[in-house]
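Subject: Structure handover

Hello,

Please find the structure below, followed by notes on what was found in it.

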Amino acid sequence: MEKFTVLEGVAAPLKVVNVDTDMIIPKQYLKTIKRTGLGKGLFSEKRFNDDGSENPDFVLNKPAYRNAKILVAGDNFGCGSSREHAPWALLDFGIRCVISTSFGDIFYNNSFKNGILPIRVTPEELEKLFDDAERGANATLTIDLEKQEIRGPDGGVITFDIDPHRKHCLLNGLDDIGLTMVKKDKIDSYERKVAEARPWM
């Protein structure tokens with residue numbers, strides 16, 4: 001998993017509440033267990049018209065936000081079903097951070113496991129971030145995980161809370177497998193002891 005330290009980039013404003021995982025990545029894209037290639041399906045029912053052409057009104061199709069790395073979203077983002085394809089699609093598109101007042105619990109947990117930082121802010125802070133994001137490509141946000149800060153284009157700073165263990169994992173690029181591999185020497189030592197004590201196994 002790629003480390004998350006400091007992220008600077010354009011933030012796309014998605015002023016929609018209760019964005020569920022089916023909206024993030026529709027069911028027809030769930031046939032794969034690969035984590036790559038899902039970016040094309042991200043918000044596909046909103047990004048594309050029935051004939052396959054782009055919907056020019058959808059935020060990620062606007063020139064200023066095509067390379068957005070941050071998503072500023074309405075309340076209760078990622079609610080609904082438990083599909084892990086939702087953070088996979090966001091990551092494959094290039095989004096490493098989602099900011100909202102609240103998240104669906106399963107989406108929130110899955111995001112950390114896939115290298116995406118979900119940040120909870122107050123309604124007042126979210127409105128300020130929407131204002132920043134609506135300025136387009138000329139107004140980038142900086143997310144500093146070590147300092148737990150969101151820095152705006154005008155120098156304003158919003159601090160955020162994060163579980164220390166999850167912070168450690170993101171800073172060091174450790175998913176569940178990575179956490180296990182950190183203890184590889186201890187695991188190998190245990191396995192050798194077991195093999196010596198029980199050679200018949």
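Helices (H or I, at least four residues) and strands (E, at least two) are taken as DSSP runs and numbered from the N terminus. Helix 5, residues 123-133, contains aspartate 132.

This is a predicted model, in which local features need pLDDT of at least 70 and side-chain atom pairs count only at pLDDT 80 or more, while totals for chains, interfaces and linings use all residues. Residues are numbered from 1 along each chain as its sequence is written, and side-chain values use heavy atoms, with hydrogens and water left out.

Aspartate 132 has a relative accessible area of 2% and is buried (under 20%; exposed is over 50% and partly exposed in between, with a 1.4 Å probe and protein chains only). Apart from neighbours within four places in sequence, aspartate 132 is in contact (heavy atoms within 4.5 Å) with Ala139, Leu141, Gly152 and Pro153.

Glycine 104 sits in the loop between strand 3 (97-100) and helix 4 (105-113). Glycine 104 is also buried, at 10% relative accessible area. With neighbours within four places in sequence set aside, its contacts are Asn76, Phe77, Gly78 and Cys79. Phenylalanine 77 is 27 residues from glycine 104 in sequence, and their C-alpha atoms are 6.1 Å apart.

A nonpolar core is a set of buried Ala, Val, Leu, Ile, Met, Phe, Trp, Tyr and Cys residues joined through side-chain atoms within 4.5 Å. The largest one has 51 residues, and those touching the most other members are Phe43, Phe77, Leu90, Ile99, Leu117, Ile143 and Ile150. Strand 1 (residues 6-14) gives the most to this core, 5 residues.

Regards
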